[in-house]
Amino acid sequence: MSGDVARSPFQPIYFECDSQTIRSSENGKSQQIAGFLQQNNGQIIIAGFTDERGTAEYNRGLGERRAGSVREALIAMGANAQNIQTVSFGAEMPADPSSNEEAWAKNRRAEIGVVK
């Protein structure tokens with residue numbers, strides 16, 4: 001997949017601590033992304049993120065598992081696997097750099113970028 005990544009029209013999908021399971025409350029976001037992929041044959045990149053707790057190696061792995069969970073959910077909803085790429089940033093690039101539970105909850109996420 002090549003090209004520029006556009007600002008995403010999609011909201012981040014959030015996760016519980018130390019989990020890559022998509023919460024049922026986040027399913028609507030996944031359905032919106034799957035619909036976009038089906039209607040536009042678009043291409044996306046899913047970036048997985050974690051909070052700052054845990055080793056860098058562990059957080060990169062968890063971020064990748066989170067991105068993979070979103071990818072698998074989208075494929076199960078009918079999206080073309082060829083149009084979905086994943087990447088993990090672990091604890092890098094936090095949505096909120098604070099060091100408290102509220103910030104950590106914002107940082108445990110998967111963000112979707114649309115590839116032009």
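Helices are DSSP runs of H or I with at least four residues, numbered from the N terminus. With that in hand, we can look at helix α1, which is followed by Asn41, a residue whose phi is positive, near 50°. Keep in mind that this is a predicted model.

- Is Phe36 buried or exposed? Its relative accessibility is 19%, so Phe36 counts as buried, because the cut-off for buried is under 20%.
- Setting aside neighbours within four places in sequence, Phe36 touches Phe10, Asn41, Gly42, Ile44 and Val114.

**Aromatic pairs**

- A pair of aromatic rings can be described by two things: the distance of the centres and the angle of the planes.
- How many aromatic pairs are there in this model? The count comes to 2.
- Phe10 and Phe36 make an edge-to-face pair, with 5.4 Å from centre to centre and 70° between the planes.
- Phe10 lies in the loop between β1 (5-6) and β2 (13-14) while Phe36 is in helix α1, so this pair ties together parts that are 26 residues apart in sequence.
- Both Phe10 and Phe36 are buried.
- Phe49 and Phe89 form a stacked pair, with 5.4 Å between the centres and 15° between the planes.
- Why does this pair link separate parts of the chain? Phe49 is in strand β3 (residues 43-49) and Phe89 in strand β4 (residues 84-90), so the pair ties together parts 40 residues apart in sequence.
- Phe49 counts as buried at 3% relative accessibility, whereas Phe89 is partly exposed at 27%.

**Arginines over rings**

- Arg109 lies over the face of Phe49, at 3.8 Å from the ring centre.
- Arg53 lies over the face of Trp104, at 3.8 Å from the ring centre.

- Asn59 is part of helix α2, which covers residues 56-76.
- With a relative accessible area of 2%, Asn59 is buried.
- Which backbone oxygen does the side chain of Asn59 reach? It is that of Arg53, at 3.0 Å.
- Leaving out neighbours within four places in sequence, Asn59 is in contact with Thr50, Asp51, Glu52, Arg53, Gly54, Ser88, Gly90 and Ala91.

**Backbone angles to notice**

- Most residues other than glycine have a negative phi.
- Asp18 is not a glycine, yet has a positive phi of about 60°.
- Asp18 lies in the loop between β2 and α1.
- Met93, also not a glycine, has a positive phi of about 55°.
- Where is Met93 found? It is in the loop between β4 and α3 (101-107).
- Met93 counts as partly exposed, at 49% relative accessibility.

Methods:
Residues numbered from 1 in each chain as written. Predicted model: local features only at pLDDT ≥ 70, side-chain atom pairs only at ≥ 80, totals over all residues. Heavy atoms only, no water. Buried < 20%, exposed > 50% of the residue type's maximum accessible area, 1.4 Å probe, protein only. Contact = heavy atoms within 4.5 Å. Helix = DSSP H or I, 4+ residues; strand = E, 2+ residues; numbered from the N terminus. Polar contact = N/O pair within 3.5 Å; in protein donor to acceptor, adjacent residues only side chain to side chain. Phe/Tyr/Trp six-rings, centres within 6.5 Å; stacked < 30°, edge-to-face > 60°. Lys NZ or Arg CZ within 6 Å of the ring centre and 35° of its normal.
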